[in-house]
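Take a look at this one with me.

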Amino acid sequence: MSQSLYERGFSVGSAGNISAAVDDVILMTPTNSCLGFLDPVKISKVTRDGRHLSGDQPSKEIFLHKAFYETRPQAGAVVHLHSTYATALSCVTDIDPDDCIPPLTPYVVMRVGQVKLLEYVRPGDEKAGDLIRALGGHYAAVLLANHGPVVTGKDISSAVYAAEELEETAKLLLMLRGLPKRMLSDENVVELKSVFGAY
Ligand SMILES: O=C(CO)COP(=O)(O)O
Ligand SMILES: [Zn+2]
(Lines give C-alpha, C1' and ligand atoms only; values in the text may rest on other atoms or scores of the structure.)
(Ligands and ions follow the chains in the order given, each with its own letter.)
Protein backbone atom coordinates (compact mmCIF):
# COMPACT_ATOMS: atom_id res chain seq x y z
CA MET A 1 0.00 0.00 0.00
CA SER A 2 2.86 2.40 0.73
CA GLN A 3 4.23 1.82 -2.77
CA SER A 4 0.82 2.68 -4.23
CA LEU A 5 0.68 5.90 -2.14
CA TYR A 6 4.10 6.84 -3.52
CA GLU A 7 3.25 5.95 -7.13
CA ARG A 8 0.09 8.05 -7.01
CA GLY A 9 1.96 11.07 -5.61
CA PHE A 10 0.59 11.02 -2.06
CA SER A 11 4.19 11.07 -0.82
CA VAL A 12 7.40 12.23 -2.45
CA GLY A 13 11.06 11.62 -1.63
CA SER A 14 11.47 10.39 1.92
CA ALA A 15 8.42 12.28 3.24
CA GLY A 16 5.85 10.51 5.38
CA ASN A 17 5.86 7.41 7.53
CA ILE A 18 3.59 4.48 8.36
CA SER A 19 3.29 2.24 11.40
CA ALA A 20 1.20 -0.70 12.55
CA ALA A 21 0.69 -1.91 16.12
CA VAL A 22 0.83 -5.68 16.31
CA ASP A 23 0.37 -7.17 19.80
CA ASP A 24 2.98 -5.51 22.02
CA VAL A 25 5.20 -4.07 19.27
CA ILE A 26 5.03 -1.29 16.70
CA LEU A 27 6.28 -1.95 13.18
CA MET A 28 7.39 1.28 11.56
CA THR A 29 8.96 2.63 8.39
CA PRO A 30 12.61 3.51 9.01
CA THR A 31 13.68 7.15 9.14
CA ASN A 32 14.61 8.67 5.76
CA SER A 33 13.05 5.79 3.86
CA CYS A 34 10.97 6.27 0.72
CA LEU A 35 7.43 4.88 0.92
CA GLY A 36 7.82 3.66 -2.66
CA PHE A 37 10.82 1.44 -1.99
CA LEU A 38 10.50 -0.16 1.44
CA ASP A 39 12.64 -3.19 2.25
CA PRO A 40 10.78 -5.60 4.58
CA VAL A 41 13.99 -6.64 6.38
CA LYS A 42 14.69 -3.00 7.29
CA ILE A 43 11.26 -2.29 8.81
CA SER A 44 11.83 -1.03 12.31
CA LYS A 45 10.42 -2.91 15.27
CA VAL A 46 9.95 -0.96 18.52
CA THR A 47 8.21 -1.64 21.81
CA ARG A 48 5.04 0.33 22.55
CA ASP A 49 7.11 2.59 24.79
CA GLY A 50 9.50 3.31 21.94
CA ARG A 51 12.50 1.00 22.58
CA HIS A 52 14.16 -0.04 19.32
CA LEU A 53 14.22 -3.84 18.98
CA SER A 54 15.31 -4.60 15.41
CA GLY A 55 15.47 -3.32 11.84
CA ASP A 56 16.67 0.17 10.90
CA GLN A 57 16.16 3.21 13.16
CA PRO A 58 12.44 4.10 13.27
CA SER A 59 10.93 7.25 11.80
CA LYS A 60 11.68 10.40 13.75
CA GLU A 61 7.88 10.75 14.16
CA ILE A 62 7.76 7.75 16.52
CA PHE A 63 6.51 10.06 19.35
CA LEU A 64 3.52 11.05 17.27
CA HIS A 65 2.62 7.47 16.33
CA LYS A 66 3.18 6.14 19.85
CA ALA A 67 0.91 8.83 21.35
CA PHE A 68 -1.93 7.83 19.00
CA TYR A 69 -1.61 4.15 20.03
CA GLU A 70 -1.55 5.18 23.70
CA THR A 71 -4.71 7.26 23.49
CA ARG A 72 -6.74 5.37 20.87
CA PRO A 73 -6.83 1.64 21.70
CA GLN A 74 -8.89 1.09 18.53
CA ALA A 75 -5.98 2.35 16.38
CA GLY A 76 -4.00 -0.43 14.69
CA ALA A 77 -2.14 1.75 12.19
CA VAL A 78 -0.99 5.35 11.70
CA VAL A 79 -0.21 7.04 8.37
CA HIS A 80 1.56 10.39 8.09
CA LEU A 81 1.88 12.04 4.66
CA HIS A 82 2.91 15.36 3.15
CA SER A 83 0.13 15.00 0.55
CA THR A 84 -0.24 18.24 -1.39
CA TYR A 85 -3.77 19.46 -0.70
CA ALA A 86 -3.97 18.50 2.97
CA THR A 87 -0.58 20.14 3.47
CA ALA A 88 -1.76 23.25 1.60
CA LEU A 89 -4.78 23.43 3.89
CA SER A 90 -2.50 23.05 6.95
CA CYS A 91 -0.87 26.37 5.95
CA VAL A 92 -4.14 28.34 5.62
CA THR A 93 -4.74 30.73 8.54
CA ASP A 94 -8.55 31.01 8.55
CA ILE A 95 -9.55 27.39 9.09
CA ASP A 96 -11.32 26.14 12.20
CA PRO A 97 -8.61 24.45 14.31
CA ASP A 98 -11.20 22.15 15.91
CA ASP A 99 -12.77 21.06 12.60
CA CYS A 100 -10.29 21.84 9.84
CA ILE A 101 -11.80 19.32 7.35
CA PRO A 102 -15.53 20.10 7.70
CA PRO A 103 -18.22 17.58 6.64
CA LEU A 104 -18.39 18.23 2.91
CA THR A 105 -19.18 14.68 1.78
CA PRO A 106 -20.42 11.52 3.52
CA TYR A 107 -17.18 9.58 3.05
CA VAL A 108 -15.00 12.06 4.89
CA VAL A 109 -17.40 11.78 7.84
CA MET A 110 -17.46 7.97 7.59
CA ARG A 111 -13.74 7.37 7.09
CA VAL A 112 -12.01 10.29 8.82
CA GLY A 113 -14.35 12.11 11.25
CA GLN A 114 -13.54 15.50 12.74
CA VAL A 115 -9.95 16.67 12.19
CA LYS A 116 -7.98 18.84 14.62
CA LEU A 117 -5.29 21.28 13.52
CA LEU A 118 -2.21 20.97 15.74
CA GLU A 119 0.18 23.87 16.25
CA TYR A 120 3.46 23.76 14.33
CA VAL A 121 6.33 21.80 15.88
CA ARG A 122 9.59 20.71 14.25
CA PRO A 123 9.44 17.29 12.53
CA GLY A 124 10.54 14.70 15.08
CA ASP A 125 9.89 16.99 18.08
CA GLU A 126 8.82 14.91 21.08
CA LYS A 127 6.26 17.66 21.83
CA ALA A 128 4.09 16.32 18.98
CA GLY A 129 3.39 13.32 21.24
CA ASP A 130 2.23 15.64 24.06
CA LEU A 131 -0.08 17.48 21.64
CA ILE A 132 -1.65 14.18 20.52
CA ARG A 133 -2.02 12.94 24.12
CA ALA A 134 -3.77 16.21 25.03
CA LEU A 135 -6.54 15.30 22.55
CA GLY A 136 -7.47 12.36 24.79
CA GLY A 137 -8.08 10.00 21.88
CA HIS A 138 -11.04 12.02 20.57
CA TYR A 139 -9.66 12.54 17.04
CA ALA A 140 -8.70 9.79 14.57
CA ALA A 141 -6.89 12.32 12.37
CA VAL A 142 -5.02 15.60 12.73
CA LEU A 143 -3.38 18.14 10.46
CA LEU A 144 0.07 19.23 11.60
CA ALA A 145 0.26 22.97 10.85
CA ASN A 146 2.54 23.75 7.88
CA HIS A 147 3.45 20.07 7.64
CA GLY A 148 0.74 17.54 6.74
CA PRO A 149 -1.89 15.01 7.85
CA VAL A 150 -1.64 12.16 10.37
CA VAL A 151 -4.44 9.60 10.15
CA THR A 152 -5.22 6.48 12.18
CA GLY A 153 -7.33 3.44 11.36
CA LYS A 154 -8.05 0.02 12.77
CA ASP A 155 -5.50 -1.45 10.36
CA ILE A 156 -3.18 -0.25 7.57
CA SER A 157 -5.78 -0.31 4.81
CA SER A 158 -8.32 1.67 6.87
CA ALA A 159 -5.68 4.26 7.77
CA VAL A 160 -4.52 4.55 4.15
CA TYR A 161 -8.10 4.85 2.83
CA ALA A 162 -8.81 7.53 5.43
CA ALA A 163 -5.63 9.43 4.49
CA GLU A 164 -6.69 9.32 0.82
CA GLU A 165 -10.20 10.51 1.70
CA LEU A 166 -8.76 13.35 3.79
CA GLU A 167 -6.49 14.40 0.92
CA GLU A 168 -9.31 14.40 -1.65
CA THR A 169 -11.57 16.39 0.68
CA ALA A 170 -8.81 18.94 1.27
CA LYS A 171 -8.55 19.26 -2.52
CA LEU A 172 -12.31 19.85 -2.84
CA LEU A 173 -12.29 22.39 -0.01
CA LEU A 174 -9.51 24.35 -1.69
CA MET A 175 -11.28 24.14 -5.08
CA LEU A 176 -14.48 25.43 -3.50
CA ARG A 177 -12.85 28.26 -1.51
CA GLY A 178 -14.75 31.48 -2.15
CA LEU A 179 -17.77 29.67 -3.65
CA PRO A 180 -21.05 29.47 -1.76
CA LYS A 181 -21.32 25.85 -0.66
CA ARG A 182 -23.55 23.48 1.22
CA MET A 183 -21.99 21.34 3.96
CA LEU A 184 -23.68 18.26 5.38
CA SER A 185 -26.00 19.20 8.23
CA ASP A 186 -25.55 18.09 11.85
CA GLU A 187 -28.47 15.68 11.25
CA ASN A 188 -26.69 14.20 8.19
CA VAL A 189 -23.53 13.66 10.29
CA VAL A 190 -25.46 12.06 13.17
CA GLU A 191 -27.20 9.71 10.70
CA LEU A 192 -23.89 8.69 9.10
CA LYS A 193 -22.32 8.02 12.50
CA SER A 194 -25.29 5.97 13.65
CA VAL A 195 -25.41 3.86 10.47
CA PHE A 196 -21.66 3.47 9.79
CA GLY A 197 -20.16 4.02 13.26
CA ALA A 198 -18.01 6.82 14.60
CA TYR A 199 -14.33 7.13 13.85
O1 LIG B 1 7.67 13.04 7.24
C2 LIG B 1 8.68 12.93 7.91
C3 LIG B 1 8.93 13.80 9.08
O4 LIG B 1 7.80 14.51 9.43
C5 LIG B 1 9.69 11.92 7.52
O6 LIG B 1 10.48 11.57 8.63
P7 LIG B 1 11.10 10.12 8.72
O8 LIG B 1 11.92 9.93 7.46
O9 LIG B 1 12.00 10.14 9.95
O10 LIG B 1 9.98 9.14 8.80
ZN1 LIG C 1 6.37 14.77 7.95
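Around ligand 1 sit Ser-14, Ala-15, Gly-16, Asn-17, Thr-31, Asn-32, Ser-59, Lys-60, Glu-61, His-80 and Pro-123, where "around" means a C-beta atom, placed from the backbone, within 6 Å of the ligand. This is a predicted model: local features need pLDDT of at least 70, side-chain atom pairs count only at pLDDT 80 or more, and totals for chains, interfaces and linings use all residues. Residues are numbered from 1 along each chain as its sequence is written, while chains are lettered from A and ligands numbered from 1 in the order in which they are written.

**Ligand shell**
- Sorted by class, the shell of ligand 1 has 7 polar, 2 nonpolar and 2 charged residues (Ala, Val, Leu, Ile, Met, Phe, Trp, Tyr, Cys and Pro count as nonpolar; Asp, Glu, Lys and Arg as charged; the others, Gly among them, as polar).

**Sheet**
- Here 8 strands make an open, mixed sheet in the order E4-E3-E2-E1-E5-E8-E7-E6; strands are DSSP runs of at least two residues, helices (H or I) of at least four, numbered from the N terminus, and two strands pair if DSSP finds at least two bridges between them.
- At the edges, strand E4 (52–54) and strand E6 (115–118) each pair on one side only.
- Strand E5 (residues 77–80) and strand E8 (residues 148–153) run antiparallel, joined by 4 bridges.
- Val-78 stands opposite Thr-152 in E8.

**Helix on the sheet**
- H6 lies across E1, E5, E6, strand E7 (141–144) and E8, at about 145° to E8; contact means C-beta atoms, placed from the backbone, within 7 Å, and angles run from 0 to 180 degrees between N-to-C directions of lines fitted to C-alpha atoms, for helices over the stretch in contact.

Definitions and conventions: Two residues are in contact if their C-beta atoms, placed from the backbone, lie within 7 Å.
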